[in-house]
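Please examine the sequence and the structure shown below. The paragraphs that follow lead from terms to individual residues.

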Amino acid sequence: MERMVITVSQKPGEGDLSGSTGLVIQAAINEAARLGGGEVLLGEGVYTLQSAISLKSGVSLRGQCGKTVLRLAPQRMATIARDADLHQAEVTVTDAAPFRPGQSVFLSRPDWLYGFFDTVAYVTGIRGNVVELDREISYTHEAAWGTRLVTGGSLLWGDGVEDVAIDGLILDGNKEENPVVTGGCVAGGLYLFRAKNVQLTDVVVRDYNGDGFSYQHCQHVDLTRCQAIGCTQLGIHPGSGTTGTNIIDCIAEHNGKDGIFFCWRVTQGLVDGCRSRYNGMAGLSIGHKDEGNIIRNSEFSFNRQCGMFWRNEPAGSTADYVVAQNNRIQDNGGAPGHGYTGIRVRGVTGHLQLVGNHIAFTDPAISKLSVGIVLEKDTHDITLADNVFEGCAQEVAPRYPTGDEQ
């Protein structure tokens, strides 16, 4: 069925809409949604976003691969002047001058706590120093805490959307001019919540002060040839309650924490042909009830902690029935207290298949401290077969040595 196609260009006289801001992109998406769905095609150039682009069901957003850049504008912020209470839909700030109706904003506690207590919203109006929001505040914020109302947040944001495709875009988080980190549970360079049937292809999130890709409580979100590069937190974060995600031929490199992070209850997912390297924590982290996932044909190398990490969970909450097959895991470790380990399995984790992986340590200085696979004492029913160990002082052990034991 033929559907509406709306073109956006930065060149005067070209395209259905012309401009270089997020407003023109949002206008095109809204118009396509009004007509029952369609495609928005973005021309090459840098589009500056003062606000998160809100995705709509049935509307695809496509750029010119490598040439269409959405760049987050510099953050502006103010501290709150009165307590912002649960279920209020407004915030009183010390100075409302930084804010405009239509902007996306988030309430951020200075102690941050991974963003669990952040509220993300759009500004609907301003009365003096009172900023009105399009939704209720999710947690109380006391003025004494130094809580800030901050512009920006995600670049692309979808709540409850279905049947959406995004491809050929570079999302530039401009972290140098966005110093307040966003919590990955409520925001990301590209953020989805309760979304279904979303296809992300050739999307790059770079230099975002938070998680690159974060999608929470979603079904069938597929990433193909996507990249999370230089983000300050997690690279790719399939979040709580997500099922059926496919992460194919993707790259997560130089992120501040884990390259790929399976949060809570991420099930029936696939990581295939990916590369997760040079990240500040693990190449891949998996844990709380993340069952039935397959991780294969991928590389997890040069990460500061281990290549692959099963988190420490009690019985009933472990990431069981996971297959890790034919992966290259090289030269991981070196962070204080983490030793040099290819794969580390903690907790009462069981029913894993670790098969055909190549685990290597190529530096003789660290090789003598290395363990290929650490299976801690409470793990059980783990199949090890056809793994290749190169330069490992110990192939399989219940713990890893540290530099203090030399």
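A residue is called buried when its relative accessible area is under 20%, exposed when that area is over 50%, and partly exposed in between, with a 1.4 Å probe and protein chains only. This is a predicted model, in which local features need pLDDT of at least 70 and side-chain atom pairs count only at pLDDT 80 or more, whereas totals for chains, interfaces and linings use all residues. Residues are numbered from 1 along each chain as its sequence is written, and side-chain values use heavy atoms, with hydrogens and water left out.

Valine 204, at 17% relative accessibility, counts as buried. Valine 204 belongs to strand E19; strands (E, at least two residues) and helices (H or I, at least four) are DSSP runs numbered from the N terminus. Beyond its neighbours within four places in sequence, valine 204 is in contact (heavy atoms within 4.5 Å) with Leu169, Ile170, Leu171 and Gln227. Between the C-alpha atoms of valine 204 and cysteine 250 the distance is 9.7 Å, although 46 residues separate the two in sequence.

A disulfide is a pair of cysteine sulfur atoms within 2.5 Å. By this rule the count is zero. For cysteine 250, the nearest cysteine sulfur is that of cysteine 274, 4.8 Å away. Cysteine 250 is buried, at a relative accessible area of 2%. Cysteine 263 is likewise in no disulfide, the sulfur of cysteine 185 being the nearest at 5.5 Å; cysteine 263 is buried at 8%.

Salt bridges require a side-chain nitrogen of Lys or Arg within 4 Å of a carboxyl oxygen of Asp or Glu. The structure contains 20 of them. One joins arginine 225 to aspartate 202, at 2.9 Å from N to O. This pair links distant parts of the chain, 23 residues apart: arginine 225 is in the loop between strands E21 (219–224) and E22 (227–229), and aspartate 202 is in the loop between E18 (196–201) and E19. Another joins arginine 277 and glutamate 253 at 2.8 Å, and links strand E28 with strand E25. Arginine 277 is buried at 18%, and glutamate 253 is buried at 9%.

A polar atom of its side chain lies 3.0 Å from the backbone nitrogen of leucine 234.

Notes: Polar contact = N/O pair within 3.5 Å; in protein donor to acceptor, adjacent residues only side chain to side chain.
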